Amino acid sequence: MSNGHSDHSGDLSGSGLTLGYDRRIVSRDLTVSIPPGSFTVIIGPNACGKSTLLKALSGIVTPNDGTVVLDGKELSRYPAKALARKLGLLPQSASAPDAITVVDLVSRGRYPYQRMLRQWSAEDEEAVTSAMAATGVTDLADRPVDELSGGQRQRVWLAMVLAQQTQLLLLDEPTTFLDIAHQIDVLDLCADLHEQGGRTLVAVLHDLNHAARYATHLIVMSQGAIVAEGKPAEVLTEQLVTDVFGLQCQVIDDPQTGTPMVVPAHRRSRSREFALGSGLAS
Amino acid sequence: MTLTHPPAPGAVWRRGNLSVLLHRRSVLVGLALFGLVVAVGLVTLSVGNFAISIPDTVRTLLGNGSVDTDYVIFERRLPRLLTALAAGAAFGASGALFQSLTRNPLGSPDIIGFTAGASTGALSAFLLIGTTLQYVATGAIIGGLVSAAVVYGLAYRRGTNSYRLVLIGVAVQLLLLSTNTFLLMRADVLDAQSASWWLVGSLNGRNYSYAAIAGTAVVLLLPAALLLHRRCLMLELGDASARALGVPVERSRLAVVAVGVGLAAAATASVGPIAFVALAAPQLARRLTTATGPGVLPAALMGALLLSVSDLIAQHGLGEDQAPVGVVSSCLGGGYLIWMLSRARQGG
Ligand SMILES: Nc1ncnc2c1ncn2[C@@H]1O[C@H](COP(=O)(O)OP(=O)(O)O)[C@@H](O)[C@H]1O
Ligand SMILES: [Mg+2]
């Protein structure tokens, strides 16, 4: 992996963002900035607008208002392929075409580098080889994606985004639907990409303890707004989890890493008003 | 032959800065289909009341025929064959584009109303304006484009969802078919008779001007479809991924729809709304090539083969009776559709 990204380190931020679909507004006047070189994790209850924010940051939905800026230039001013060479996105519900093989799917990540008569350069081959090696799917190359297990499939999608060779990686719930071992496996892979590849990662995660362990920067969202951000140890407090997720809990030190660990309160000690209150709001 | 197995989704040809990726099986299947099309074409030109041997047929095509064989082949059989080949290729290519775009084997122009729209347009022109070929062809193309705009307009809701598109297309198709019946009922008896013959899909009496309509579409739009091939591959990943990889999604989709409707409408103008070629050809071709993506060229060759074989059966396979080719292709295609749907059930 090269460290040739140092000149512009993938500085991504949005300001005054109003985001939504049709007439439905999800976020209003949102300002966010992704620390360059960080492993940023976004958490928040279902439907609070995490995916919407990620889509806006990657330029696949246009903000109704406000601007997203990458390395000093507005996202909308990048040519589509130039942007795709700087920023990669793994959407929440990626679905592979029928019967596509692993190598074929991973190769699609090279589209931003290809042209009509430059369909498969030596660099393409090299990028796909190393992306498959980094994610451990080399041996699966000729298998159809729809015959793989959930964990393998997620690695293949990650390989596709890696083949894109971008400084910034935006991953929407990369661990959903995986068992605990495969979740850790994918998160370790992300941490490697962050530490060794020198990439900036932004991931939406559901598990608060995973978020606390892996994030160098945590963003907490609620009802379309960012309600807290910073180092996990500073952000993830009992009060915050209660306010944002409507869950009474205790926050202790993770015995393995010392990062905050959320332990939900026993049902008998939870007060009734929480069980019926904001926890069900979404 | 390379000894190592580089991770490439096909065979790679490289020269300097240029590189081209070929899917091996698609190339082989394409060559085989081309060979079959040529063979069926030669048989079609040689059989009939005035039988001509294959060597004589080839000789005639090369310009060394007798007066008789020249007349039979160039005036009678070749225009009909060329019409079948061009229309079949256009239907096949159009089906491949739409099935790729909708990611649905049922998302083909003869199911989701575009062929029906072209036939309504052609029929309106034929019955209400004039019976010349130019009116019919123009009507077909306008009808095809309008029906595509209507189907997409109704299906569009924050992006297009393939399932919605197919359902709305089927509903629009039903409306258009009853419109066609209504137009026929209101029409003069003789006009209605020739129009209903056309509506089944027929190659009878097709001269070079019919071949030219479908042929022009194939010559102009097939290369356009090939240029859109890589974008179709990317669109199959879904809108979000495609956009994140640098594909201008809406613009690409519009281009694919325009090319696909153009092909289907031109084919409809020249042979009528022949059913099932657009539906079956891409699926059959894909089963042979095992490639992802639209596979426009194999589908076009398969379409040409299906329609020319159907016409061979329609002309000579049914004893003394001649059936319109649309009847034969419907029988073949209907059987195929039942087979496909029953297999889809099992496969889950
Ligand atoms: N494509 C869409 N069209 C309309 N509304 C949407 C769409 N995607 C999401 N929404 C709505 O926007 C809100 C935020 O969704 P999302 O960003 O996906 O939430 P999260 O990822 O945090 O679960 C939700 O209320 C959801 O229903
Ligand atoms: Mg989401």
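Predicted model: local features only at pLDDT ≥ 70, side-chain atom pairs only at ≥ 80, totals over all residues.
**Where ligand 1 sits**

Residues count from 1 along each chain as its sequence is written, chains are lettered from A and ligands numbered from 1 in the order written. Local features need pLDDT of at least 70, side-chain atom pairs pLDDT 80 or more, while totals for chains, interfaces and linings use all residues, and side-chain values use heavy atoms, without hydrogens and water.

**Its surroundings**

Next I asked which residues surround ligand 1. There are eleven, and Arg24(A), Ala47(A), Lys50(A), Ser51(A) and Thr52(A) are the closest; a residue is near if one of its heavy atoms lies within 4 Å. By class I noted four nonpolar, four polar and three charged residues (Ala, Val, Leu, Ile, Met, Phe, Trp, Tyr, Cys and Pro are nonpolar, Asp, Glu, Lys and Arg charged, the others, Gly among them, polar).

**Polar contacts**

I then checked N or O pairs within 3.5 Å. For Ser51(A), a polar side-chain atom is 2.7 Å from a ligand oxygen. Alone, ligand 1 exposes 560 Å², of which the protein buries 72% (Shrake-Rupley method, 1.4 Å probe).

**Elements of the shell**

In chain A, β2 (24-34) and α1 (50-57) each give two or more residues to the shell. The largest share, three residues, comes from α1(A). Helices here are DSSP runs of H or I with at least four residues, and strands are E runs of at least two.

**A helix pair in chain B**

Finally, I looked at α3(B) (67-102) and α11(B) (249-271), whose axes come within 8 Å and cross at roughly 150° (lines fitted to C-alpha atoms over the stretch in contact, with angles from 0 to 180 degrees between N-to-C directions). So α3(B) is roughly antiparallel to α11(B), a word for angles over 145 degrees.

Methods:
Polar contact = N/O pair within 3.5 Å; in protein donor to acceptor, adjacent residues only side chain to side chain. Parallel < 35°, antiparallel > 145°, perpendicular 65-115°, else oblique.
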